[in-house]
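Work through the exercises below with the sequence and the 3D structure at hand. Each task is followed by a solution in steps.

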Amino acid sequence: MYGLKSDVALDLPSKYYSLEGYEKGVARWCPGCGDHAVLTNMQKLLREKQLDPAKTVFVSGIGCSSRFPHYMNTYGFHGLHGRAFPVAEGVKFRRPDLDVFVVTGDGDCCSIGAGAWIHAIRYNMNMTVLLLNNEIYGLTKKQASPTSRIGTVSNTTPDGSILPPLSPVQTTLGVANASFVAQTADWNPAHMYETIKAAYEHKGFSFVHIIQRCPIFQGALVDEQVSNKDAMVYLENENGITVSEEIAKTFKNKFNHNPSDLSEARNLAMDTEKVHMGLFYQDKNAPCYDDYGASNLGYTVEQKEEALNKELDKYAI
Amino acid sequence: MSDSTETKEMPATKNSKAIKIDEHIVEIVSDSGEGAQKCGVSFAAISAKMGNGVWTVEIIPAEIQPPARSRAGASGIRIRIGTKEITNSGNEADLVIALNEQVPYGRIDQKAYKEGTVMLLESKWATDASDVIQNKYAEALADFKSRGYNVIEIPMEVECLKIVKNARKGKNMFVLGMLCYIYNRGIDKGETQIKNIFRKKSDAIINSNIELLNAGYQWASINLDFQYDIPVVNSGRDMVVMNGNEAIGLGVLASGMEVCSMYPITPATSASHLLADVFKNSGGLVHQAEDEIAAVGFAIGSSYAGKTAVTITSGPGMALKTEFLGLATMAEIPLVVINVQRGGPSTGLPTKVEQGDLLSTLYGQPGDAPKIVMATSTIEECFQFVILARKLAESFRTPVYILTDANLATGQQPFPRPKIKKDWFAPPIDQSLWKGDVRPYEWDDTTGMSKRPIPGQPGGQHTLTGLAHTKEAHVSYNPDENQESSELRSRKFASFQKTLKPPTINGADKGDLLIVGWGSTLGAIEEAVGIAQKEGIKVSSIHLRFLSPLEPGLKEIFQNFKNVMTIEINYSDNNENPQFSESNKRYSQLSWILRARTLVDVDCYSNVEGQPLSPKRILGVIKKKINT
Ligand SMILES: Cc1ncc(C[n+]2csc(CCOP(=O)(O)OP(=O)(O)O)c2C)c(N)n1
Ligand SMILES: [Mg+2]
């Protein structure tokens, strides 16, 4: 299967994985940090999908949010600041049998990792990406990030930051071959759950922007975000992300957006007054670079030997 | 005509028997696009097939689109052929074919010619429509003669136009015909070669090229009054001929690796070009990443997931990969890193040779980042070392670096056809059950080695991290744990070093001078040392393949020589020049390492002229050292 030799693919007796089966250790994030909710939801998703922990890989960069893989009982790669994407791509390239998740922060993805991010969108490899955006550098203790809004007072911008924030959703929608772009928030776990589930089910680079609270360094912002119910807009559509009626009712504003409409998606992403929750854009037919990666798996030693001999013939004298 | 006294350089009189010589250096120089390299490679292949030793090196113009007929545009090839094995590109050329009178100046700048060099010069420029060109031609001709070159003007264009409409596209085969005559190669050999190189082309093209070949041969036999004979010794072995980058590409195939993740950079790119072409039909793929950081990150991801990958680059790319390379050491991820070195720092000399990345390879990462570093010194080693590198990377759970350089990248040399072994190819990814009680970094106290769980192995789940970590792969800030894990990561290389043999000594094991080299200078050093030994100088040499960990027994070897010096192609201060003295001299890169390792006062000769070191230059260095 998947080009792996049959004699190495181990047949495990079918086994039910409980929630505990995906948990590892006690998360060391601050109390009230939005990352906790994402972790819990992710463990639930893996249980619902009954993913084999041995065949699941979480790749992250560096930051508070990038500690995520340490709390999952799967394989994890907690690598370098800003460099989660290339590693995840390399993992997936010749291993279509692995489920790959990327967890990254706003500094990790949108600042130091911006180049790799743009290209990861374009490669459109089958992986689920969670950008945990607290609009601040958490781990290094409160520096403005590219997503911090104008006027953010931080240790490197004591007089308030002066540049407009970069919108991760808008940026992703601007890149060729974007195939799944959604937005959710950590304080609406039910919506977040449906969003990451839809992301996991999409084949391609599923980008989920999670607005995430940092009570320590962005305390004021947290209150504003959570309490400002006027700003939140639920994107509803039969092809979008659907939450239970109960949850849908909690949204004051709703907007019917067809996720195949890229230019409307872009307009919504540029709206700085409103926060749209749900699926901005999906293209199920965008080419995936991992199809290329898996295009010639499983050559035998004999085939490789023959190919090498053929090449050597060309240089024979 | 020069009045050189070396009989070897004197053309024989017409119809006399060909002059017997041991070896010759031929250059073909032209504007780029005139097919000089195709001609030279064919001539080299014909010679190698007959049983001559051969080394070819491309002459690469300094710019991509240099103006026609310019010094900067000198493009072409040098072919050194001899009765015995040829290991380097040699000293000055013996015979030059120049398709215009300006390109030789690009080579004269590099001291490639000498008094007595025979120069066969395209004469069409003498009657060019432009006065300016006519004058330039006349000036150059006079200048070449005054430099003592033995210039013979040849109407190549005129002769070719008798056969083809566009002589620019065919003159190279006319030249090949001339070379076949001059070096007694037999016209049939040339014809076979043409049929081979144009095998994908139409009969019409093949025939017109054969016609051109014959025309060149005929013209030379009627008009030239000399011929050379370089006797052949047939080894009777199956041989292949290729350049260093091709050898690396094929080495990757042979190593069983399936992923090459790279970003284009001269002079490394051609290895990936070859792979892009042939990899897909042998179960591998090239990934061209968005930059070198992503390229190595991708390779590391692939390796981590069980497919040990290679990343191929040159100096500036190495600089960008640094942080990830530290991660590979820290998290103990197998990886093969190939650095085809060029001149540095910064963008430096992109197409020229330098051995300037040794120290940055060894010490480029923050903190202590031990690793295995090898350097190839022949084309054959470019092939073999890649196979070895993957094995070492996986056995020792480490990045393995191969340093080659621009000289090997484009240098061509025949070597015995590799006998393929099945165990070169990587086994399938281990997906067996991971033994529950074995931790992901279960370092062996004695050897420092450990086995790694690969994604997909049930029970092996852990989160790898670049942070300091315990045997469980847990992040650790504990002072003892960091000290211990650092020591264990170092210990595995000490264990590996115990398996290495001391280098073999070329020459006597005691004497007045020991030369120490590494990388592409092997052939030139041994040739120079051989000449010096014949002259009675008590000099020997060793050539290192493993730079980290360093091969054992060096101090013991050094102690038997009055002087030890390295010869390298990288920068060092010369104490004869202002401000430099023993208290501030910056030594060449290998000599720093050897001084620290052995506490022997190892001297050095090195330069950054961007040229392969010639045996003559090295001989001069040896004599100077012996006499001081
Ligand atoms: C090359 C490099 N530069 C800088 C750092 C320091 N650093 C670690 S995390 C971080 C920012 C993290 O911010 P973000 O990605 O938003 O994650 P958060 O902590 O907010 O979750 C920085 C600058 C580093 N580890 N590596
Ligand atoms: Mg952040």
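**Exercise 1.** Find the partner of Lys422(B) in a salt bridge, then describe the contact of chain B and chain A.

*Solution.* 
Step 1. Lys422(B) pairs with Glu305(A); their closest N and O atoms are 2.7 Å apart. A salt bridge here is a side-chain nitrogen of Lys or Arg within 4 Å of a carboxyl oxygen of Asp or Glu.
Step 2. Between chain B and chain A the count is four salt bridges. The rule also finds 29 residue pairs in polar contact across this interface, both residues at pLDDT 80 or more. A polar contact is a pair of N or O atoms within 3.5 Å; within protein, one must be able to donate a hydrogen and the other to accept it, and residues adjacent in sequence count only if both atoms are side-chain atoms.
Step 3. On the side of chain B that touches chain A, helix 10 of chain B gives the largest share, eight residues. Helices (H or I, at least four residues) and strands (E, at least two) are DSSP runs, numbered from the N terminus.
Step 4. Sorted by class, that side of chain B has 42 nonpolar, 20 polar and nine charged residues. Ala, Val, Leu, Ile, Met, Phe, Trp, Tyr, Cys and Pro count as nonpolar, Asp, Glu, Lys and Arg as charged, and the others, Gly among them, as polar.
Step 5. The contact (heavy atoms within 4.5 Å) takes 71 residues from chain B and 55 residues from chain A. About 5500 Å² is buried between the two chains, 65% of it on carbon and sulfur atoms. Buried area is the accessible area (1.4 Å probe) that two parts lose on being put together, summed over both.

The model is predicted: local features need pLDDT of at least 70, side-chain atom pairs count only at pLDDT 80 or more, and totals for chains, interfaces and linings use all residues. Residues are numbered from 1 along each chain as its sequence is written, chains are lettered from A and ligands numbered from 1 in the order in which they are written, and side-chain values use heavy atoms, with hydrogens and water left out.

**Exercise 2.** Which parts of chain B does the salt bridge of Arg80(B) and Glu527(B) tie together?

*Solution.* 
Step 1. The closest N and O atoms of Arg80(B) and Glu527(B) are 2.6 Å apart.
Step 2. Arg80(B) lies in strand 4 (residues 75–82) and Glu527(B) in helix 16 (residues 522–534) of chain B, so the pair ties together parts 447 residues apart in sequence.
Step 3. Arg80(B) is buried, because its relative accessible area is 3%, whereas Glu527(B), at 22%, is partly exposed. Buried means under 20% relative accessible area, exposed over 50%, partly exposed in between (1.4 Å probe, protein chains only).

**Exercise 3.** Which residues coordinate the magnesium ion (ligand 2)?

*Solution.* 
Step 1. The donors are Asp106(A) (OD), Asn134(A) (OD1) and Ile136(A) (O), at 2.1 to 2.2 Å. Donors are N, O and S atoms within 2.8 Å of the metal (3.2 Å for Na, K and Ca); water is not among the atoms, so sites may look incomplete.
Step 2. Along the chain their spacing is D-x27-N-x1-I.
Step 3. Asp106(A) and Asn134(A) are both buried.
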